[in-house]
Amino acid sequence: MGDPLRELKQWEEAGQDVLLVLAVERDGPTPGANGAKMLVAGRGRFSGTIGGGRLELYCQERALELLEQKRSGLERLELHPEGAGDLGMICGGEVTVWFQYLPGGRLPEEPGQGPAYLLLEQGQGQSRALLCHREQLPAGVKLRGGMAFTREAAACRYVERLEPPRQVYVFGAGHVAQALAPGLVALGFGCRVYDDRPDFAVAGNFPPEAQVTLADLEHLEEACNQIGEEDFVCVMTHGHSHDYAVVRQVLGTKAAYIGVIGSSKKAAATRERLEGEGFGPADIARLTTPIGLSIGAETPQEIAVSILAQLVEQRASLRNGQ
């Protein structure tokens, strides 16, 4: 399932009115997370999710009502069997849902530099939504976990820092990489694949969103120059010597995560060889090897799942400043 804000462009091109639905505040156990989003258009068409179950069904139906009325709204919903706003759920928590009407599917954007922010405001019968930059945010906005929801008197505001997709540089285009790439795309990562074998570095083996490059794995200067501190690296080439050549080069980048496929024995040998070449403890500590969470994975598809889970974990930790 893609990013609703990116999918919004499709609705705008069609001139279709849309309701943007966001979970902006949660207390107690609730499905989903703060910032979860869903788009609802005519005839019940929707994309994204804010948690599923009866919560999501109610929000879809409510969004269709507001869409017909051409207005926005804000509701506090209780996820337990009894009480005002009850949805008949047993989670026990509460969630505040923001319904933002977007005529023509348009989300205005202010020009500027740096990270983009989603800014929503409601008050005194008025509402607005736009994409902006830090200098255009109201004074005093403080984000926690990349977002902030405030309610003062009759006015409400929601601000969220929109992260560009983290790029995952996959070195090696074999079976694991081919199983990994669709998951990366589905989870909102960018995917760039490199291999030195013409029969493997084939775009048709990967999702259309992935960038596939035939490259000399001994000379990755161009790729390494693009890897930034927000990006992840996965090393899974067709041989130990190629893996090592890639590792030596990517350690010179500011990558946030470097995972290397292989056994514990191979990992120990890699570390020993790096030490022999003068790489220090801080360099070697940057490597996650064997790559992926330990879930007993064996097949390429299972290994891909373990890697995806670890990348999601890393992304969440970095987003929360851990």
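The model is predicted: local features require pLDDT of at least 70 and side-chain atom pairs pLDDT 80 or more, while totals for chains, interfaces and linings use all residues. Residues are numbered from 1 along each chain as its sequence is written, and side-chain values use heavy atoms, without hydrogens and water.

The protein contains eight helices and 15 strands. Both are DSSP runs numbered from the N terminus (helices H or I, at least four residues; strands E, at least two). The C-alpha trace spans about 65 × 45 × 40 Å along its principal axes. Of the 322 residues, 47% are buried (under 20% relative accessible area, 1.4 Å probe, protein chains only). Contacts are heavy atoms within 4.5 Å. Among contacts with a separation of 6 or more, 57% join residues 24 or more positions apart.

Arg 192 lies in strand E11, residues 190-195. Arg 192 is buried yet has no salt bridge (a side-chain nitrogen of Lys or Arg within 4 Å of a carboxyl oxygen of Asp or Glu). Asp 231 is the nearest side chain of opposite charge, 6.9 Å away. Arg and Lys count as positive, Asp and Glu as negative; His and the chain ends are not counted.

Two polar contacts involve the Arg 192 side chain (N or O atoms within 3.5 Å, one able to donate a hydrogen and the other to accept it; residues adjacent in sequence count only if both atoms are side-chain atoms). The partner side chains are Gln 167, at 3.3 Å, and Tyr 169, at 3.1 Å. Leaving aside residues up to four places away in sequence, Arg 192 also touches Val 168, Val 170, Gln 211 and Gln 226.

Conventions. Buried means under 20% relative accessible area, exposed over 50%, partly exposed in between (1.4 Å probe, protein chains only).
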